[in-house]
Amino acid sequence: MDDGDEYAKLIRRMNSPRVVIDNDASEHATIIKVDTVNRHGTLLEVVQVLTDLNLVITKAYISRDGVWFMDVLYVTGNDGSKVEDESVLNYIQKVLEADANVFNSIGSSIGVLHSSKEHTSIELSGGDRPGLLSEVSAVLADMGCNVVNAEIWTHNARVAAVMHITEQSTGTAIEDPKRLSLIKKLLRNVLKGNGNFRSPRICISSPEETHTGRRLHQMMFAARDFEKLEGVKENSLGPYVNVSDCADRDYTVVTVRCIDRPKLLFDTVFALTDMQYEVFHGTFITGRKEAYQEYYIRHVDGLPISSEAERQRVTECLEAAIKRRASEGLELEMCTDDRFGLLSDITRILRESGVSIRRAEISTEDGKAKDTFFVTDVSGNPVDPKIVRLIQQQVGHTVLRVRGKANVPPESPKETPRSSLFGTLFRCRSFQNFGLIKSYT
């Protein structure tokens with residue numbers, strides 16, 4: 001065996017990740033402290049593990065001391081309570097303390113498109129328009145395809161979707177190459193209906209171990225949704241993003257203020273990681289409805305941002321990454337017995353009612369369907385409550401429910417001075433030095 005491999009294994013064993021989960025130090029949150037050797041993407045992997053368990057990160061403090069990565073995260077459940085389920089806590093500890101190679105394997109398998117013959121994966125991206133999901137669903141239903149799970153994002157006149165489909169007759173993956181080719185052709189024709197956009201992208205395959213959220217971000221980025229299109233209405237849901245120099249420390253400082261929402265930290269960190277930037281120090285704080293983020297970054301080549309063009313690109317890409325999953329519009333939740341063609345029927349009703357789907361999450365389990373739609377009217381304005389009541393009358397009030405109120409975009413957050421708290425962060429050698437948490441020992 002190669003001596004270099006043995007040496008690498010020895011280093012990993014000597015520097016194995018250390019995770020401390022504390023349910024006593026904070027009154028309102030579970031604190032998770034992670035010490036590990038830093039690699040590109042380490043921060044993203046940690047955040048992804050927690051996010052894919054549907055946990056809410058309310059605060060995070062990040063620091064890199066040489067090759068050592070230190071992260072402190074304040075985490076709650078969706079109901080705002082501490083995480084006290086021992087099976088969940090043990091799972092977090094096991095995954096985060098795994099060897100780096102095992103960590104990559106386990107971390108990438110949470111919330112993923114699993115490799116199996118149970119379903120076929122479809123990836124769609126291209127130009128968005130009202131009623132597009134209805135048309136796509138109708139094509140799949142006509143071809144005898146059942147939609148098992150799906151996630152659809154829209155932003156800046158673009159759409160990206162990852163869908164799992166099965167054969168209606170067998171409930172398994174579709175394997176006939178000719179049939180798959182026909183499905184792809186029909187879907188391409190539907191997406192081509194928006195003639196003012198570049199060619200749509202459609203990929204049909206057996207699912208690989210690819211994280212759904214990562215793929216949707218990458219598909220939107222490839223569709224260049226960060227570029228403004230003439231005539232496209234932009235909502236005012238923020239965020240405020242500022243990219244500035246920290247010349248005395250050779251860092252670029254990224255400051256973000258926006259409305260808080262689930263998975264916000266994941267989306268921001270993924271965007272930076274995917275653009276090949278390393279976070280050396282950072283803070284993420286939520287309060288009431290707003291979130292504040294600050295990161296000291298360098299490119300993986302060790303250099304800070306050096307040009308105005310690069311600064312502008314990072315700003316635009318971060319804004320787009322945050323807006324893609326923003327809950328624009330009214331949230332409708334449908335819970336009912338699953339049946340073939342259900343998605344086609346509900347999306348047709350929404351389309352015929354003049355309702356446009358801005359984001360959707362489709363899931364089925366044990367014969368039950370649970371679908372969530374964020375909707376506006378075709379102009380991007382709030383849906384008339386009378387229209388919602390008419391839709392409920394068609395579908396059933398117990399089947400389709402309104403969750404919360406329409407998310408009318410507030411004004412964008414205004415610029416604020418850089419946080420004095422974080423200004424001292426990058427001068428510290430470890431978390432113990434600046435007193436944010438208790439010592440590990």
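Predicted model: local features only at pLDDT ≥ 70, side-chain atom pairs only at ≥ 80, totals over all residues.

D267 is buried, its relative accessible area being 0%, and its side chain makes a polar contact of 2.8 Å with the side chain of H217. Leaving aside residues up to four places away in sequence, D267 touches H217, R261, A321 and R325.

## Aromatic pairs and charges over rings

The structure holds five aromatic pairs. One of them is formed by Y251 and Y296, whose rings are arranged edge-to-face, 5.8 Å centre to centre and with 85 degrees between the planes. This pair links distant parts of the chain, since Y251 belongs to strand β12 (residues 251–259) and Y296 to strand β14 (residues 290–299), 45 residues apart. With the cut-off for burial set at under 20% relative accessible area, Y251 counts as buried at 10% and Y296 counts as buried at 1%.

Together with F280, Y251 and Y296 form one aromatic cluster. The ring of F280 additionally has the charged end of R298 over it, 4.8 Å from the ring centre. Elsewhere, K59 lies over the face of Y74, at 4.3 Å from the ring centre.

## Helix α6 and its two sides

Helix α6 runs over residues 177–191, and at 1.5 Å a residue its 15 residues should span 21 Å, which agrees with the 21 Å that lies between its end C-alpha atoms. At the start of α6, a side-chain oxygen of D176 reaches to within 3.1 Å of the backbone nitrogen of K178.

The buried residues of this helix are R179, L180, I183, L187, V190 and L191. They are placed on the same side of α6 because they cover an arc of only 110 degrees around the axis. In an α-helix there are 3.6 residues a turn, so residues three or four places apart point the same way. The buried residues of α6 pack against the strands β6 (120–127), β7 (145–155), β8 (158–167) and β9 (201–205), and against helix α5 (132–142), whereas P177, K178 and K185 are exposed on the other side of α6.

Technical notes
Residues numbered from 1 in each chain as written. Heavy atoms only, no water. Helix = DSSP H or I, 4+ residues; strand = E, 2+ residues; numbered from the N terminus. Expected span 1.5 Å × (residues − 1). Buried < 20%, exposed > 50% of the residue type's maximum accessible area, 1.4 Å probe, protein only. Arc of directions from axis to C-beta. Contact = heavy atoms within 4.5 Å. Polar contact = N/O pair within 3.5 Å; in protein donor to acceptor, adjacent residues only side chain to side chain. Phe/Tyr/Trp six-rings, centres within 6.5 Å; stacked < 30°, edge-to-face > 60°. Lys NZ or Arg CZ within 6 Å of the ring centre and 35° of its normal.
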